[in-house]
Amino acid sequence: MPPQQSLSSAAWISLLLLSLIWGASFLAIRVALDELPVAWVVVHRVGWAAMLLWVVVWIARETVPRCPRLWASFLVMGLLNNVVPFSLIAWGQLHIETGLTSILNASAAVFAVPVAALCFADERITPRRAVGTALGFLGVALAVGGSALATIDLRSLGQLAVLAGALSYAFAGVWARAKLSTVRPLIAAAGMLTGSFLVMLPGALFLEGPPALNLSIRTWMAISYFAVLGTAVAYLLYYRILALAGAANLLLSTLLIPPIAIVLGWIVLDEDLAPGALLGFLILASGLLVLDGRILAPRAKAEHRP
């Protein structure tokens, strides 16, 4: 793993803003689910975001790709990074708390370690990564709770759905590295969201029928938030932070998102998480910090000295 870059004031502000935007997205999605089925929530999210990003592409005078093979890669990326996880996580939110959803969603960074190790020779699991991954999965198990592991009901299925969505994010990272590493980030994001929309629209029409347009102002505000801010603007901000601070520091947003989602769920939805979920997040966070290299880094460097 490359050394971490120091965070400038601009990078810290961008990182905190991204965490706030994504943390509040869980609440916005849950609000929209009161009036919209899962499929149409995802259609709204990817459709409006794709449209906005193509406007940005046009303003930036980026070249729109025409290669069919690249568009096929966008389609697969859209399935792995949007269609599957957005659908599973939104369905899971119908049955579990918003804060718990955000905690389980953070496991994507833990799943990424074994998935990358299976797919790439240079992503082998080192002792430090093994410790971080083990802590991460222990934290996830504590957050889920023993009762969910012992019984199969809608609550346990909701938690499994969110974890499956997090696993899909891990495979999306592998696909992006293998197929889209040379594509400019703005084009990759716009193409991916377009591919997601092309899959989700016919699926939503088939499963749920025509979209409901007589929605409350509250729902339209939620849609506007998670589509424009939580998806389109968040992707632009994500790539800005990547340029300013590097990939290693982006993991900090994964640690900052759940506390924001937990507090908002408590204030707006009167949610109350079990102590085990909070303890699980703390252990998961420690595992992510080990993976990130902020914990055990000196020991890891010592092990590699000649």
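Is tryptophan 58 buried or exposed? In this predicted model, tryptophan 58 has a relative accessible area of 69% and is therefore classed as exposed, the cut-off for that class being over 50%. The residue lies in helix 2, which spans residues 38–60.

Tryptophan 58 is one member of a nonpolar patch on the surface. The patch is formed by Leu52, Val55, Trp58, Ile59, Val228 and Leu229, and together these side chains account for about 570 Å² of accessible area. Two helices, helix 2 and helix 10 (217–245), each supply at least two residues of the patch. The contribution of helix 2, at four residues, is the most given by any element.

A search of the whole structure identifies five aromatic pairs. One of these joins tryptophan 22 to tyrosine 238 in a tilted arrangement, with the ring centres 6.1 Å apart and an angle of 50° between the planes. Because tryptophan 22 belongs to helix 1 (residues 9–32) and tyrosine 238 to helix 10, this pair ties together parts of the chain that are 216 residues apart in sequence. Tyrosine 238 has a relative accessible area of 28% and is thus partly exposed, since that class lies between the 20% limit for buried residues and the 50% limit for exposed ones.

A second pair, between tryptophan 71 and phenylalanine 74, is edge-to-face, with 5.1 Å from centre to centre and 85° between the planes. Both residues lie in helix 3 (residues 68–93); being three residues apart there, they are separated by about one helical turn. The two partners fall into separate accessibility classes: tryptophan 71 is partly exposed, at a relative accessible area of 26%, whereas phenylalanine 74 is buried, at 0%. The value for phenylalanine 74 therefore falls under the 20% limit that defines a buried residue.

Aromatic rings also take part in contacts with charged side chains. The charged end of arginine 45 is placed over the ring of phenylalanine 86, at 3.7 Å from the ring centre. In another such contact, arginine 177 lies over the face of phenylalanine 120, and the distance to the ring centre is 4.0 Å.

Definitions and conventions:
Residues are numbered from 1 along each chain as its sequence is written. This is a predicted model: local features need pLDDT of at least 70, side-chain atom pairs count only at pLDDT 80 or more; totals for chains, interfaces and linings use all residues. Side-chain values use heavy atoms; hydrogens and water are left out. Patches are made of residues with over 30% relative accessible area and no salt bridge: like charges are joined within 9 Å, nonpolar side chains (Val, Leu, Ile, Met, Phe, Trp, Tyr) within 5 Å. Accessible areas come from the Shrake-Rupley method with a 1.4 Å probe; for residues, only the protein chains shown count as cover. A salt bridge is a side-chain nitrogen of Lys or Arg within 4 Å of a carboxyl oxygen of Asp or Glu. Buried means under 20% relative accessible area, exposed over 50%, partly exposed in between (1.4 Å probe, protein chains only). Rings of Phe, Tyr and Trp (its six-membered ring) pair if their centres lie within 6.5 Å; planes under 30 degrees apart count as stacked, over 60 as edge-to-face and the rest as tilted. A charge sits over a ring if NZ of Lys or CZ of Arg is within 6 Å of the ring centre and within 35 degrees of the ring normal.
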